[in-house]
Amino acid sequence: MSKKILEINNLSKQFIVRRNIYTKSRIDAVKNISFGVYPKESLGLIGESGCGKTTTANMILRLVEPDEGSIKFFGMELTELDEQSMRKLRKDIQIIFQHSSAVLDNKMTVEELLREPLRIHKIVSISEENREVTKLLNMVGIASSERLKFPGQLSGGQNQRIIIARAIATRPKIIVCDEPMSALDVSVQCQILNLLIKLKKELKLTYLFISHDIKVVRFLCERIAVMYRGEIIEKGDTEQVLKRPKHNHTRELIAAELGLGD
Ligand SMILES: Nc1ncnc2c1ncn2[C@@H]1O[C@H](COP(=O)(O)OP(=O)(O)OP(=O)(O)O)[C@@H](O)[C@H]1O
Ligand SMILES: [Mg+2]
């Protein structure tokens, strides 16, 4: 197999939460996890609510500072980068969150929202921006006639397409998708999933795909890692893990979601 794009080693994060004025407690949100992502693959990170998936994603983007461990992107140690270098790298490591409407600035038109990443990361010259915006809209299935609308005038699914267009605008090496469909209606979820699959093929994208929906992960991801209470309890080829889970909790997760397993 080719060299890893992303390599996580022994990554940990604890949160200290105040229970009342006298006591604090410690949450081991992520405990000593290690995994890698290879070029052009989709790695699914699955697990029940609260198991540490979003904390992991946030640490990769350095939106949350890890306590311990290493995050290597093409061999470069991200935990040692200063803010400015990390900001530049956002072009290469994009993230798509669950709640798209909360992310998009409602005072900006669709066109402005797509020009923004192109300009910040100097992807094309100003004279080429218009053409690039049209191309991006076309790629994510939004009619060019919608370009002067504001996010509030679009549906949830359309907004998620704009988020995806902004993510692919910078031609990233990897996209971290954190439950990108879970806030949408089931029929729209299916359309967004198909869009992500289409873009993966067309642009040879690499995804770290976070979800608790095993069906979606099975459809999209060649490999999966299963998290449980902050730890990765097993990982491997998706079908192998789903057909022959080694860990009891993975079996329970599969049984709950797919009605399979023991
Ligand atoms: N900023 C924070 N301060 C304190 N505790 C936090 C913080 N962020 C996350 N946690 C806790 O860390 C644990 C892991 O949370 P995380 O959001 O990573 O889970 P998740 O797997 O993404 O869950 P979900 O599927 O519900 O999105 C949880 O117990 C959560 O309450
Ligand atoms: Mg989460």
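**Around ligand 1**

Author: Happy to! In this predicted model, the side chain of Ser49 has an N or O atom 2.5 Å from an oxygen atom of ligand 1. Thr55 also reaches the ligand through its side chain, with an N or O atom 2.6 Å from a ligand oxygen. For Lys53, the corresponding separation between a side-chain N or O atom and an oxygen of ligand 1 is 2.8 Å. Taken alone, the ligand exposes 640 Å², and the protein buries 61% of that area.

Stepping back to the whole shell, 13 residues surround ligand 1, and the closest are Ser49, Gly50, Lys53, Thr54 and Thr55. Strand S1 (6–18), strand S2 (24–37) and helix H1 (53–60) are the elements that give two or more residues to this shell. H1 gives the most, with 3 residues. By type, the shell divides into 5 nonpolar, 5 polar and 3 charged residues.

Now for the largest pocket, whose volume is about 640 Å³. Its lining comprises 21 residues, with Arg90, Lys91, Gln94, His121 and Arg166 nearest the centre. Two or more lining residues come from each of helix H2 (83–89), strand S6 (93–96), helix H4 (110–120) and helix H6 (156–169). Here S6 gives the most, with 4 residues. The lining of this pocket divides into 11 nonpolar, 4 polar and 6 charged residues.

How values were computed: Residues numbered from 1 in each chain as written. Chains lettered and ligands numbered in written order. Predicted model: local features only at pLDDT ≥ 70, side-chain atom pairs only at ≥ 80, totals over all residues. Heavy atoms only, no water. Near = heavy atom within 4 Å. Polar contact = N/O pair within 3.5 Å; in protein donor to acceptor, adjacent residues only side chain to side chain. Areas by Shrake-Rupley, 256 points an atom, 1.4 Å probe, with all protein chains shown as cover. Nonpolar A, V, L, I, M, F, W, Y, C, P; charged D, E, K, R; others polar. 1 Å grid on protein atoms, 1.4 Å probe; cavity = no way out; pocket = protein on both sides within 12 Å on 5 of 7 lines; lining within 4 Å. Points joined across faces, edges and corners; volume = space filled by probe spheres on them.
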